[in-house]
Amino acid sequence: MTQEQDRYYMRLALQEARRGRGRTSPNPCVGAVIVKDDHIIGRGYHKKAGEPHAEINALQKAGRDVAGSTIYITLEPCNHTGRTPPCSHALFNAGVKRVVVGMQDPNPLVQGSGIRYLSERGIEVVSGVLAEECKEINRPFIKHITTAMPWVVMKAGVSLDGRITYRKGKSGWITGPESLVKVHRLRDQADVIMVGVDTVRIDDPSLTARLPGKKGKDPIRVIVDTNLRIPLTARVLHLESEAPTWIFCSEKADQGKRSDLAEMGIVVYPVAKSDEQGLNLQSVMETLGSENITSVLVEGGARIHGSMLRHKLVDHVNLFFAPLFAGDQGISVIEGIGVSNRKEAIRLERVRYKKFGDDMMVEGDVCYR
(Lines give C-alpha, C1' and ligand atoms only; values in the text may rest on other atoms or scores of the structure.)
Protein backbone atom coordinates (compact mmCIF):
# COMPACT_ATOMS: atom_id res chain seq x y z
CA MET A 1 0.00 0.00 0.00
CA THR A 2 1.14 3.56 -0.70
CA GLN A 3 1.04 6.35 1.88
CA GLU A 4 -1.89 7.89 0.03
CA GLN A 5 -3.80 4.61 0.16
CA ASP A 6 -3.07 4.33 3.86
CA ARG A 7 -4.47 7.83 4.45
CA TYR A 8 -7.53 7.04 2.33
CA TYR A 9 -8.46 3.95 4.30
CA MET A 10 -7.66 5.64 7.62
CA ARG A 11 -10.15 8.36 6.73
CA LEU A 12 -12.75 5.63 6.28
CA ALA A 13 -11.79 4.22 9.67
CA LEU A 14 -12.26 7.70 11.15
CA GLN A 15 -15.76 7.81 9.66
CA GLU A 16 -16.48 4.57 11.48
CA ALA A 17 -15.05 5.91 14.74
CA ARG A 18 -17.25 9.03 14.63
CA ARG A 19 -20.33 6.80 14.68
CA GLY A 20 -19.55 6.08 18.32
CA ARG A 21 -19.15 9.68 19.49
CA GLY A 22 -20.95 10.28 22.75
CA ARG A 23 -21.62 6.57 23.27
CA THR A 24 -18.32 4.94 24.32
CA SER A 25 -17.32 6.76 27.52
CA PRO A 26 -15.11 6.14 29.40
CA ASN A 27 -13.63 4.27 26.43
CA PRO A 28 -12.34 6.03 23.29
CA CYS A 29 -14.08 6.25 19.93
CA VAL A 30 -12.37 3.78 17.61
CA GLY A 31 -13.01 2.73 14.01
CA ALA A 32 -11.51 -0.08 11.93
CA VAL A 33 -11.48 -1.02 8.25
CA ILE A 34 -10.10 -4.31 6.88
CA VAL A 35 -8.73 -4.35 3.31
CA LYS A 36 -7.69 -7.35 1.22
CA ASP A 37 -6.70 -7.30 -2.45
CA ASP A 38 -7.70 -3.62 -2.64
CA HIS A 39 -11.25 -4.40 -1.43
CA ILE A 40 -12.83 -3.51 1.88
CA ILE A 41 -14.00 -6.76 3.46
CA GLY A 42 -14.95 -5.51 6.92
CA ARG A 43 -15.76 -2.35 8.86
CA GLY A 44 -16.51 -1.77 12.50
CA TYR A 45 -16.56 0.73 15.34
CA HIS A 46 -16.70 0.61 19.11
CA LYS A 47 -20.33 1.12 20.04
CA LYS A 48 -20.36 1.12 23.83
CA ALA A 49 -18.07 0.46 26.80
CA GLY A 50 -18.15 -3.23 27.67
CA GLU A 51 -19.10 -4.26 24.13
CA PRO A 52 -16.68 -5.57 21.45
CA HIS A 53 -14.03 -3.15 20.22
CA ALA A 54 -13.85 -1.82 16.67
CA GLU A 55 -11.33 -4.45 15.53
CA ILE A 56 -13.53 -7.31 16.71
CA ASN A 57 -16.61 -5.87 15.00
CA ALA A 58 -14.65 -5.45 11.77
CA LEU A 59 -13.31 -9.02 11.98
CA GLN A 60 -16.83 -10.34 12.48
CA LYS A 61 -18.08 -8.41 9.44
CA ALA A 62 -15.19 -9.75 7.34
CA GLY A 63 -15.95 -13.36 8.21
CA ARG A 64 -13.25 -15.97 7.55
CA ASP A 65 -11.50 -14.22 4.65
CA VAL A 66 -9.09 -12.20 6.83
CA ALA A 67 -5.74 -13.99 6.48
CA GLY A 68 -3.21 -11.80 4.65
CA SER A 69 -5.29 -8.62 5.00
CA THR A 70 -4.47 -5.12 6.22
CA ILE A 71 -6.47 -3.53 9.02
CA TYR A 72 -6.69 0.23 9.59
CA ILE A 73 -7.41 1.22 13.18
CA THR A 74 -7.71 4.77 14.49
CA LEU A 75 -6.24 3.77 17.87
CA GLU A 76 -3.61 1.22 18.85
CA PRO A 77 -5.23 -2.16 19.62
CA CYS A 78 -5.43 -3.07 23.29
CA ASN A 79 -3.11 -5.73 24.62
CA HIS A 80 -4.71 -6.44 27.99
CA THR A 81 -7.83 -8.15 29.26
CA GLY A 82 -10.40 -5.73 30.64
CA ARG A 83 -14.11 -6.04 30.06
CA THR A 84 -13.18 -7.61 26.70
CA PRO A 85 -10.21 -9.79 25.56
CA PRO A 86 -7.12 -8.16 23.97
CA CYS A 87 -7.66 -7.09 20.36
CA SER A 88 -3.97 -7.53 19.50
CA HIS A 89 -4.30 -11.28 20.11
CA ALA A 90 -7.45 -11.47 17.99
CA LEU A 91 -5.70 -9.78 15.06
CA PHE A 92 -2.73 -12.15 15.29
CA ASN A 93 -4.96 -15.21 15.53
CA ALA A 94 -7.01 -14.05 12.53
CA GLY A 95 -3.91 -13.96 10.31
CA VAL A 96 -3.82 -10.22 9.63
CA LYS A 97 -0.47 -9.45 7.98
CA ARG A 98 -0.38 -5.64 8.27
CA VAL A 99 -1.77 -3.23 10.88
CA VAL A 100 -1.98 0.53 10.24
CA VAL A 101 -2.57 2.55 13.42
CA GLY A 102 -3.72 6.15 13.63
CA MET A 103 -2.38 6.98 17.09
CA GLN A 104 -0.82 5.19 20.02
CA ASP A 105 -3.06 4.63 23.03
CA PRO A 106 -2.22 7.01 25.95
CA ASN A 107 -3.77 4.51 28.38
CA PRO A 108 -0.95 3.33 30.68
CA LEU A 109 -2.31 -0.22 30.31
CA VAL A 110 -1.51 -0.08 26.57
CA GLN A 111 0.99 2.66 25.55
CA GLY A 112 2.75 0.78 22.79
CA SER A 113 2.27 -2.76 24.08
CA GLY A 114 -0.33 -3.57 21.41
CA ILE A 115 2.01 -2.44 18.64
CA ARG A 116 4.93 -4.24 20.25
CA TYR A 117 2.98 -7.51 20.58
CA LEU A 118 2.09 -7.50 16.88
CA SER A 119 5.58 -6.49 15.69
CA GLU A 120 7.25 -9.22 17.73
CA ARG A 121 5.09 -11.76 15.93
CA GLY A 122 6.12 -10.69 12.46
CA ILE A 123 3.14 -8.47 11.65
CA GLU A 124 4.02 -5.24 9.85
CA VAL A 125 2.83 -2.26 11.88
CA VAL A 126 2.65 1.32 10.60
CA SER A 127 1.78 3.96 13.21
CA GLY A 128 0.93 7.66 13.10
CA VAL A 129 -1.25 7.77 9.96
CA LEU A 130 -3.58 10.81 10.30
CA ALA A 131 -2.56 10.93 13.96
CA GLU A 132 -3.88 14.46 14.60
CA GLU A 133 -7.31 13.63 13.17
CA CYS A 134 -7.41 10.50 15.32
CA LYS A 135 -6.50 12.53 18.43
CA GLU A 136 -9.13 15.15 17.60
CA ILE A 137 -12.07 12.77 17.97
CA ASN A 138 -10.75 11.43 21.29
CA ARG A 139 -9.79 14.57 23.17
CA PRO A 140 -12.15 13.76 26.08
CA PHE A 141 -10.70 10.25 26.40
CA ILE A 142 -7.11 11.50 26.17
CA LYS A 143 -7.60 14.14 28.87
CA HIS A 144 -9.45 11.79 31.21
CA ILE A 145 -7.03 8.87 30.87
CA THR A 146 -4.00 11.14 31.44
CA THR A 147 -5.35 13.53 34.12
CA ALA A 148 -8.48 11.82 35.57
CA MET A 149 -10.36 15.04 34.70
CA PRO A 150 -13.10 15.50 32.09
CA TRP A 151 -12.79 17.50 28.86
CA VAL A 152 -14.87 20.65 29.38
CA VAL A 153 -16.66 22.62 26.66
CA MET A 154 -18.24 25.99 27.42
CA LYS A 155 -21.25 26.81 25.26
CA ALA A 156 -23.41 29.94 25.08
CA GLY A 157 -25.74 31.80 22.74
CA VAL A 158 -24.62 35.44 22.70
CA SER A 159 -25.72 38.78 21.24
CA LEU A 160 -23.25 41.01 19.42
CA ASP A 161 -22.82 43.02 22.62
CA GLY A 162 -21.97 39.90 24.61
CA ARG A 163 -25.29 39.27 26.38
CA ILE A 164 -26.94 35.93 27.06
CA THR A 165 -30.25 37.48 28.22
CA TYR A 166 -32.27 40.59 27.45
CA ARG A 167 -33.21 41.22 31.08
CA LYS A 168 -31.61 40.02 34.28
CA GLY A 169 -33.64 37.17 35.72
CA LYS A 170 -35.74 36.76 32.56
CA SER A 171 -35.58 34.02 29.94
CA GLY A 172 -35.43 34.69 26.21
CA TRP A 173 -33.90 33.13 23.09
CA ILE A 174 -30.84 34.91 21.67
CA THR A 175 -29.86 32.64 18.77
CA GLY A 176 -31.88 31.08 15.97
CA PRO A 177 -33.25 27.56 15.34
CA GLU A 178 -30.28 26.43 13.23
CA SER A 179 -27.92 27.04 16.16
CA LEU A 180 -30.26 25.13 18.43
CA VAL A 181 -29.90 22.00 16.28
CA LYS A 182 -26.10 22.23 16.63
CA VAL A 183 -26.44 22.68 20.40
CA HIS A 184 -28.47 19.50 20.65
CA ARG A 185 -25.76 17.69 18.68
CA LEU A 186 -23.20 18.93 21.21
CA ARG A 187 -25.41 17.63 24.01
CA ASP A 188 -25.79 14.30 22.24
CA GLN A 189 -21.99 13.85 22.24
CA ALA A 190 -21.40 14.92 25.86
CA ASP A 191 -21.44 12.72 28.94
CA VAL A 192 -22.71 15.59 31.10
CA ILE A 193 -24.50 18.89 30.62
CA MET A 194 -23.90 21.28 33.51
CA VAL A 195 -25.71 24.47 34.55
CA GLY A 196 -26.07 26.59 37.64
CA VAL A 197 -29.27 26.63 39.68
CA ASP A 198 -30.15 30.15 38.50
CA THR A 199 -30.42 28.84 34.94
CA VAL A 200 -32.84 26.18 36.20
CA ARG A 201 -34.89 28.70 38.18
CA ILE A 202 -35.12 31.20 35.33
CA ASP A 203 -35.39 29.00 32.21
CA ASP A 204 -36.75 25.74 33.69
CA PRO A 205 -34.92 23.79 30.93
CA SER A 206 -35.16 20.06 30.28
CA LEU A 207 -31.42 19.79 29.33
CA THR A 208 -32.04 16.91 26.95
CA ALA A 209 -30.73 16.12 23.46
CA ARG A 210 -33.60 16.55 21.03
CA LEU A 211 -32.47 15.56 17.55
CA PRO A 212 -34.59 14.77 14.47
CA GLY A 213 -36.04 11.27 14.59
CA LYS A 214 -35.63 11.14 18.39
CA LYS A 215 -32.08 9.81 17.92
CA GLY A 216 -30.45 11.95 20.58
CA LYS A 217 -28.78 10.55 23.69
CA ASP A 218 -29.53 12.57 26.78
CA PRO A 219 -26.45 13.56 28.79
CA ILE A 220 -26.39 13.31 32.56
CA ARG A 221 -27.79 16.57 33.89
CA VAL A 222 -25.60 18.23 36.54
CA ILE A 223 -26.93 21.18 38.53
CA VAL A 224 -24.56 23.30 40.62
CA ASP A 225 -26.74 24.43 43.53
CA THR A 226 -24.80 25.47 46.63
CA ASN A 227 -27.79 25.97 48.94
CA LEU A 228 -30.30 23.65 47.20
CA ARG A 229 -32.52 26.44 45.90
CA ILE A 230 -33.84 24.26 43.07
CA PRO A 231 -37.66 24.08 43.08
CA LEU A 232 -38.95 20.55 43.56
CA THR A 233 -41.24 21.23 40.58
CA ALA A 234 -38.30 21.93 38.22
CA ARG A 235 -38.56 20.11 34.89
CA VAL A 236 -35.12 18.49 35.22
CA LEU A 237 -36.39 16.59 38.28
CA HIS A 238 -39.37 15.03 36.46
CA LEU A 239 -38.11 13.83 33.08
CA GLU A 240 -38.74 10.49 31.42
CA SER A 241 -35.09 10.10 30.47
CA GLU A 242 -32.57 7.30 30.72
CA ALA A 243 -30.01 9.84 31.95
CA PRO A 244 -30.10 10.80 35.64
CA THR A 245 -29.98 14.24 37.23
CA TRP A 246 -27.15 14.94 39.69
CA ILE A 247 -27.03 17.96 42.00
CA PHE A 248 -23.84 19.29 43.60
CA CYS A 249 -24.43 21.28 46.78
CA SER A 250 -22.64 22.45 49.91
CA GLU A 251 -22.18 20.02 52.78
CA LYS A 252 -24.16 22.55 54.81
CA ALA A 253 -27.19 22.46 52.51
CA ASP A 254 -30.56 21.63 54.06
CA GLN A 255 -30.69 17.93 54.97
CA GLY A 256 -34.47 17.81 54.56
CA LYS A 257 -34.24 19.09 50.97
CA ARG A 258 -31.49 16.56 50.27
CA SER A 259 -33.75 13.77 51.50
CA ASP A 260 -36.66 15.01 49.37
CA LEU A 261 -34.47 15.00 46.27
CA ALA A 262 -33.08 11.56 47.04
CA GLU A 263 -36.63 10.19 47.34
CA MET A 264 -37.27 11.56 43.83
CA GLY A 265 -34.31 9.57 42.49
CA ILE A 266 -31.99 12.56 42.25
CA VAL A 267 -28.33 11.92 43.13
CA VAL A 268 -27.01 14.61 45.48
CA TYR A 269 -23.27 15.18 45.84
CA PRO A 270 -22.24 17.30 48.83
CA VAL A 271 -19.04 19.26 48.15
CA ALA A 272 -16.75 20.05 51.08
CA LYS A 273 -14.82 22.88 49.43
CA SER A 274 -16.21 26.30 48.54
CA ASP A 275 -14.76 29.58 47.31
CA GLU A 276 -15.93 33.17 47.32
CA GLN A 277 -18.31 32.49 44.42
CA GLY A 278 -19.89 29.30 45.80
CA LEU A 279 -18.93 25.67 45.32
CA ASN A 280 -15.36 24.86 44.38
CA LEU A 281 -15.81 23.74 40.78
CA GLN A 282 -12.40 22.07 40.74
CA SER A 283 -13.82 19.64 43.31
CA VAL A 284 -16.94 19.17 41.19
CA MET A 285 -14.83 18.31 38.12
CA GLU A 286 -12.66 15.93 40.15
CA THR A 287 -15.79 14.11 41.35
CA LEU A 288 -17.12 13.85 37.80
CA GLY A 289 -13.78 12.47 36.66
CA SER A 290 -13.86 9.86 39.41
CA GLU A 291 -17.30 8.83 38.12
CA ASN A 292 -15.72 8.10 34.70
CA ILE A 293 -17.20 11.22 33.12
CA THR A 294 -14.93 12.17 30.23
CA SER A 295 -16.77 15.18 28.75
CA VAL A 296 -18.79 18.04 30.21
CA LEU A 297 -20.81 20.64 28.29
CA VAL A 298 -21.23 23.76 30.42
CA GLU A 299 -24.24 25.83 29.40
CA GLY A 300 -24.13 28.56 32.02
CA GLY A 301 -25.00 30.82 33.46
CA ALA A 302 -22.59 33.71 33.59
CA ARG A 303 -21.25 33.00 37.10
CA ILE A 304 -20.61 29.34 36.26
CA HIS A 305 -18.84 30.33 33.04
CA GLY A 306 -16.73 32.89 34.87
CA SER A 307 -15.80 30.54 37.70
CA MET A 308 -14.89 27.73 35.30
CA LEU A 309 -12.62 30.04 33.30
CA ARG A 310 -11.12 31.64 36.39
CA HIS A 311 -10.11 28.21 37.69
CA LYS A 312 -8.77 27.18 34.25
CA LEU A 313 -11.22 24.30 33.93
CA VAL A 314 -12.53 25.02 30.42
CA ASP A 315 -10.77 23.31 27.51
CA HIS A 316 -12.87 24.36 24.52
CA VAL A 317 -15.47 27.03 23.73
CA ASN A 318 -18.47 27.11 21.38
CA LEU A 319 -20.06 30.56 21.25
CA PHE A 320 -23.04 31.18 18.98
CA PHE A 321 -23.30 34.88 18.06
CA ALA A 322 -26.67 36.17 16.92
CA PRO A 323 -26.80 39.30 14.69
CA LEU A 324 -28.55 41.48 17.27
CA PHE A 325 -27.87 43.79 20.21
CA ALA A 326 -29.53 42.87 23.51
CA GLY A 327 -28.73 46.06 25.42
CA ASP A 328 -27.17 46.79 28.78
CA GLN A 329 -30.00 45.31 30.87
CA GLY A 330 -28.99 41.81 29.81
CA ILE A 331 -26.42 39.59 31.52
CA SER A 332 -22.89 39.23 30.17
CA VAL A 333 -21.74 35.81 29.00
CA ILE A 334 -19.25 35.66 31.91
CA GLU A 335 -19.07 37.23 35.35
CA GLY A 336 -16.23 37.38 37.85
CA ILE A 337 -13.30 37.90 35.49
CA GLY A 338 -11.49 41.14 34.78
CA VAL A 339 -8.30 41.89 32.85
CA SER A 340 -6.32 45.08 32.30
CA ASN A 341 -5.15 44.58 28.75
CA ARG A 342 -5.09 42.33 25.70
CA LYS A 343 -2.01 40.47 26.93
CA GLU A 344 -3.81 39.32 30.11
CA ALA A 345 -6.93 38.14 28.30
CA ILE A 346 -7.91 34.50 28.09
CA ARG A 347 -7.70 33.65 24.41
CA LEU A 348 -8.83 30.98 21.98
CA GLU A 349 -6.45 29.02 19.77
CA ARG A 350 -7.15 26.88 16.71
CA VAL A 351 -10.15 29.12 16.10
CA ARG A 352 -12.85 28.08 13.64
CA TYR A 353 -15.96 29.84 12.38
CA LYS A 354 -19.15 28.34 11.03
CA LYS A 355 -22.53 29.81 10.11
CA PHE A 356 -25.79 28.38 11.38
CA GLY A 357 -28.59 30.30 9.72
CA ASP A 358 -27.88 33.96 10.48
CA ASP A 359 -25.78 33.07 13.51
CA MET A 360 -22.01 32.66 13.58
CA MET A 361 -20.40 30.00 15.76
CA VAL A 362 -16.91 30.76 17.05
CA GLU A 363 -15.06 27.82 18.55
CA GLY A 364 -11.56 27.15 19.74
CA ASP A 365 -9.31 25.79 22.46
CA VAL A 366 -8.84 27.92 25.55
CA CYS A 367 -5.36 29.36 26.10
CA TYR A 368 -4.70 30.62 29.63
CA ARG A 369 -1.98 33.22 29.91
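A residue counts as buried when its relative accessible area is under 20%. By that cut-off, strand 7 (residues 192-196) is mostly covered, with five of its five residues buried. The model described here is predicted.

**Strand 7 and its partners**

- Val192, Met194 and Gly196 point one way from strand 7, while Ile193 and Val195 point the other way, and all are buried.
- Strand 7 pairs with strand 8 (residues 220-224) in the parallel sense, over five bridges.
- In this pairing, valine 195 stands opposite isoleucine 223 of strand 8.
- Strand 7 also runs parallel to strand 13 (residues 295-298), and three bridges join them.
- Here valine 192 is the residue opposite valine 296 of strand 13.
- A right-handed β-α-β unit is made by strand 7, helix 8 (residues 197-203) and strand 8.

**Arginine 258**

- Arginine 258 is found in helix 9 (residues 255-263).
- Arginine 258 is buried yet has no salt bridge.
- A salt bridge needs a side-chain nitrogen of Lys or Arg within 4 Å of a carboxyl oxygen of Asp or Glu, and the nearest side chain of opposite charge to arginine 258, glutamate 251, is 7.3 Å away.
- Leaving aside neighbours within four places in sequence, arginine 258 is in contact with residues including Leu228, Cys249, Val268 and Pro270.
- Glu251 is also one of the contacts of arginine 258.

**Helix 4**

- The buried residues of helix 4 (residues 113-120) are Ser113, Gly114, Ile115, Tyr117 and Leu118.
- Among the elements that cover these buried residues are helix 3 (87-94), strand 4 (98-103) and strand 5 (124-127).

**Nonpolar cores**

- The largest nonpolar core has 35 residues, of which Met10, Ile71, Tyr72, Leu91 and Val99 touch the most other members.
- At least two residues of this core come from each of helix 1 (3-18), strand 1 (31-36), helix 2 (54-62), strand 3 (70-75), strand 4 and helix 4.
- Helix 1 gives the largest share of this core, six residues.
- Leaving aside neighbours within four places in sequence, tyrosine 72 is in contact with residues including Tyr9, Met10, Ala13, Val33, Val35 and Val100.
- The contacts of tyrosine 72 also include Asp6 and Arg98.
- A second, separate core has 34 residues, including Met149, Ile220, Ile304 and Met308.

Terms used. Residues numbered from 1 in each chain as written. Predicted model: local features only at pLDDT ≥ 70, side-chain atom pairs only at ≥ 80, totals over all residues. Heavy atoms only, no water. Buried < 20%, exposed > 50% of the residue type's maximum accessible area, 1.4 Å probe, protein only. Helix = DSSP H or I, 4+ residues; strand = E, 2+ residues; numbered from the N terminus. Pairing = 2+ DSSP bridges. Right-handed = clockwise from strand over helix to strand, strands pointing away. Lys, Arg positive; Asp, Glu negative; His and termini not counted. Contact = heavy atoms within 4.5 Å. Core = buried A, V, L, I, M, F, W, Y, C linked by side-chain atoms within 4.5 Å.
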